[in-house]
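Take a look at the model below. We will walk through a few of its parts, one step at a time.

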Amino acid sequence: MNSNDIRKRFLSFFSDRDHRIVRSSSLVPANDPTLLFANAGMNQFKDVFLGREKRDYSRACSSQKCVRAGGKHNDLEQVGRTTRHHTFFEMLGNFSFGDYFKAKAIPWAWELVTNDFGIPKDKLYATVFREDDEAEELWAKIVPRERIFRRDEKDNFWQMGETGPCGPCSEIHYDMGPAASDLGHKDCQFPCPEDCGRYVELWNLVFMQFNRYCATERAAGPHTQEELRAAKEESERAQRYISVHEHLKCTLRDEPLPKPSVDTGAGLERLAAVLQGKISNFDTDLFRPLIEEAAELANKEYGANHDTDVSLRIIADHARAATLLISDGVLPSNEGRGYVLRLIMRRALYHGQTLGLNEPFLFKMSGHVVDMMKGAYPELVETVHHVAKAIKIEEERYESTTRQGLEELGSSQVFLKNGVGVNFHDIERLPANEREAALRMVSGSRFRDLLSSPKLSDELEEEFGQDVSVASRRQLFAHLALLTAPQMAALNPEMISNAGALGIIGGAELFKLHDTFGLRPDFVEDVVKNYGLTIDRAGYEAEMQKQRERARASWKGAEKKIVAPAYQKLAEKHKTAFDGYTAAISNDCRIVALIQGAESVNEVKPGAGVEIVLDHTPFYAEAGGQVGDVGHLLAPGSTNEVAHVQDTYRPVTGVIAHKAVARETLRVGDVVTAVVDAERRDSIRRNHTATHLLHAALRNELGTHVKQAGSLVAPDRLRFDFSHYAGLAEQDVLDIEDLVNEHILKNEDVRTEVMELDTAVNSGAMALFGEKYADQVRVLTINDFSKELCGGTHVRRTGDIGLFKIISESGVAAGTRRIEAVTGTGVIDQLRKAGATLGQISGVVRAQPVGRSVTMAWNIEGSKPNELLEAVTKLTESEKKLRKQIEAQQMKRAASEAGDLAGQAREVKGVRVIAARVDVTDRAAMRQMVDSLRPKLGSGVIALASVADGKVALIVGVTQDMTTKLDAGKIVREAAKLIEGSGGGRKDLAEAGGKNPEKLDAALAAVPGIVERML
């Protein structure tokens, strides 16, 4: 049975049992900061389980795209090395939202697995939570009791978070046979205590029947924000994971949910392996074609070599993950989701390198991934070219970065057994026939003792000159540096000896090479072992663990709380009808609920803050980037305001809440007239429709790879983020702006239709990135130019927008651009501001005719814009000439002062030091002074400083012969602290700036002392 048949049969099985087939959500979770990627089938139903959302069906099934490669669930390092770990995978699941429970879920799972899929019953085992008698009795009706096992929380209890829905789970396991045991077990029994790999979990049935809550908090009242913040900080400081609630000394309790639910998951990859008779998921039709393609590209044979096979499996897996992630709008970057994608891709590219694939190859494989998966995910076809281009750009960037990484490796320190540090590049330069002898020479304890000698060079050559050439000795002697105490503590000489190596590259250095330049430890190890060196893997892993903890902390986000019980109950009885598509005023609106402090009340007094729920309203609740409406609630038939509405939002699906301040006493059951601020609404409508035109224009001008990556529709502007590889040229911006205005001037009809989600998508309507849609959706169509799913408010005809003007275009992340624009009266305001600015410039440069209004000079007949341009050009050229003259004068002064300064040098432990204030303020001239002083000084340190416009400039130079002992960057940083500044640079030259000129003399006076401490 091929994987497509497995997916279809699973979905049809549950569809036949009244489950709604729900299409997979994006890998980027919609409006959920707690998740890095969608990592389970239940993610898109999370709000339903939490009570924030209610749908028109109570049973669902899906095949959900998932990625686990970051945050809490991170399988990345295991991928390719085991038979079952993946970054991208598909999770088949069936769900009950308060409908059926264990009595149906368990028999259905067994029926599908044994009857429809035909898996032998004697190969299957069932597990239940140790206290779940009900589940065991249900299993006992269909499975022999000796095949049912009770297990603890670790294996058979599930919870969404520290608090919230949770419950026992029941799993179906399959016996793959002794051949599948990673530990070579011949006759281990289920469950194998060592988890050897013979028995694999096929299906997990979660029975959400409890709500876990903090009993302490419920008894004493909610924790303050300060308490929660302190607990969170303490949790992050802990060496092991301790929950926030544990730090708050919170007693957790479970209470039954009013409507127990079911959440199940079955991995398609594991099911395919079982049904296709394979031990490894990588041998199924989901991976094998990709493995064979990678093998052909690399001219390798799969199955002939273990290391080669691992690399081929990693490439196949990561090609799938990269293709699906980029198709869903993620692009490689240095942070967040983009960072994880880059990590996945570079891991694949590294393994390609080990196979000899030195030209871009991963982008070619993405097309094969699309061909294999387009039946299940047809949206892949639309983005195939965009995905390939994005991958190829990253491959080219990786090649360039790797080159830089190898250069960085050259400057990495190699730690020797005696604690001496030598640059790897210096070791590379040594003649091969002298390398070992030279390294053994500098590794001895006697050598280290001599490093503190005042006549270092002579004594070293006299002591160790007999084994290697003078050139090799000098190569090493010139770049030796003693390690600091922390470095010595981290160095493990036994590690070097045990590896039979002459030296070691430390873990921190390895991590930097990997994290910044993409050089993996394996790659570095392959390079340095040719020089008799090894690497500190343990130190590297320690640094990696720190990074994982940082990444995990950055994705904790604000945990989604269960919605207030008052709103949960309200959603079961009342739905707010939205009138705002056709009107800005609604009469006879009845107050169905008043919410204060998450509690329902019957009455509020004037001046009180309150959330008001009406039976129908014209107020739009914030969604899809469009801000919520503001306005007034009036007494019926009157202009008397009874409440001022400051914002509008949806606490749960179907309920619209008006955040308001009461002006009069309000009671549940009161009838009011709801009035939206019409002028503000009109501005929002113009900007929202213009956003759709802008999206269509971008795709028309730049390509269909453009996808929305976020938006804001406010009354004063629109902001639109979109996927694109590079900044837009000025002509691109003008063409896009012209195209939007062309459709505005045509005054085209803006039509909306309500239809089924699948029907809408199949009709060509675009579903926007990161949005969550109901089953019934509104489709907004503008001629044949734009067609999108959208629930916002819009103008009736494009001409209502007036005009469209792009204000800025910029980058917000790697592969993501941002356009900000205005419409209607906003364009007029921009033109007036531009005119006023031009008029003021005209007045300043005297290009404006005498007697004309400054603010109107730009558009009065008779004024000459070309004269303004000429005047500004002349001023600019004059400024350049003056600057060059000043620089020349500064250079002459610098040369003159340099001769006088050489005589001011003082000696510090035999090192000559100049520390002086100079009149030269140009930094280039100050650097020239330093260079002029070097030959006059011969050997030593030069520190020069000047003051201009209340700011201090400080430059430190160290002559080349002293850079093994002194570091200009460290000297300038320490001195800069005294002038409230900072800086840095190379060992031979560094610069800093400061904000306190009054402390400059003290900073210069401190330089000799700083130098003395470093010697």
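**A sheet and some helices**

Val779 stands opposite Leu789 in strand E32. This model is predicted. Strand E31, residues 776-782, pairs with E32 in the antiparallel sense, over 4 bridges. The two strands belong to an open sheet of 3 strands, in the order E30-E31-E32, with antiparallel pairing. Strand E30 (750-756) and strand E32 (786-789) stand at the edges. Each has a single partner strand, so one side of each is left without a neighbour in the sheet. Neighbouring strands of this sheet are turned against each other by 20° on average, direction ignored.

Now turn to helix H13, residues 362-373. At 1.5 Å a residue, its 12 residues should span 16 Å. The end C-alpha atoms are 17 Å apart, which agrees.

Which residues of H13 are buried? They are Leu362, Met365, Ser366, Val369, Val370 and Met373. An α-helix has 3.6 residues a turn, so residues three or four places apart point the same way.

What covers the buried residues of H13? The cover includes strand E5 (88-96) and helices H10 (288-298), H11 (306-327), H12 (336-354), H14 (379-382) and H15 (384-410).

Two of these helices, H11 and H15, also meet each other. Their axes come within 9 Å and cross at roughly 115°. The crossing of H11 and H15 is right-handed. On H11, the contact is made by Ala322, Thr323, Ile326 and Ser327. On H15, His386, Val387, Ala390 and Ile391 take part.

Notes
Residues numbered from 1 in each chain as written. Predicted model: local features only at pLDDT ≥ 70, side-chain atom pairs only at ≥ 80, totals over all residues. Heavy atoms only, no water. Expected span 1.5 Å × (residues − 1). Buried < 20%, exposed > 50% of the residue type's maximum accessible area, 1.4 Å probe, protein only. Contact = heavy atoms within 4.5 Å. Pairing = 2+ DSSP bridges. Axes fitted to C-alpha atoms, helices over the stretch in contact; angles between N-to-C directions. Left-handed = near helix turned anticlockwise from the far one by under 90°.
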